[in-house]
Amino acid sequence: MAKRGGFPGGMPGNMSNLMKQAQRMQRQMEESQKELEVKEFVAKAGGGAVEVTVTGKKEITKVKLSEEVVDPDDIEMLEDLVMAAANEALRMADEANAEVMNKMTGGLGGGFPF
């Protein structure tokens with residue numbers, strides 16, 4: 001009588017290699033993520049009058065303002081410039097994260113081709 005299902009003696013060799021590759025890829029992704037978290041992204045607005053620095057963890061670590069942009073009669077402009085610089089720095093962090101993921105997944109977008 002023939003055996004049904006399963007693999008006699010455990011996983012076949014190519015399945016074992018596939019698991020090792022997946023574990024190696026996971027370690028590489030974790031290392032890349034840690035590197036990205038400490039990386040800083042700097043964006044400017046208003047011709048450099050406002051500068052915002054964020055980390056790969058999307059935390060704002062520094063806001064730098066030029067004296068000429070601080071006008072008590074036009075707070076809204078300053079608010080807009082800070083917001084624009086912060087959003088640009090966050091976009092840069094997102095792009096760097098997407099680039100890391102793209103490299104790790106070979107452009108599959110994190111999915112598998114089956």
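This is a predicted model: local features need pLDDT of at least 70, side-chain atom pairs count only at pLDDT 80 or more; totals for chains, interfaces and linings use all residues.
Contact here means heavy atoms within 4.5 Å.

View 1. Residues are numbered from 1 along each chain as its sequence is written, and side-chain values use heavy atoms, with hydrogens and water left out. The protein chain holds 2 helices and 3 strands (DSSP runs: H or I of at least four residues for helices, E of at least two for strands, numbered from the N terminus). Among its contacts with a separation of 6 or more, 43% join residues 24 or more positions apart.

**View 2. The largest nonpolar core, with 16 residues.** Such a core is a set of buried (under 20% relative accessible area, 1.4 Å probe, protein chains only) Ala, Val, Leu, Ile, Met, Phe, Trp, Tyr and Cys residues joined through side-chain atoms within 4.5 Å. Phe41, Val50, Val52, Val54, Val69, Leu81 and Ala85 touch the most other members. Strand E1 (40–45), strand E2 (50–55) and helix H2 (75–105) each supply at least two residues, and H2 gives the most, with 7.

**View 3. A closer look at Leu81 and its contacts.** Setting aside neighbours within four places in sequence, Leu81 meets Ala45, Gly46, Val50 and Val69.

Definitions and conventions. Buried means under 20% relative accessible area, exposed over 50%, partly exposed in between (1.4 Å probe, protein chains only).
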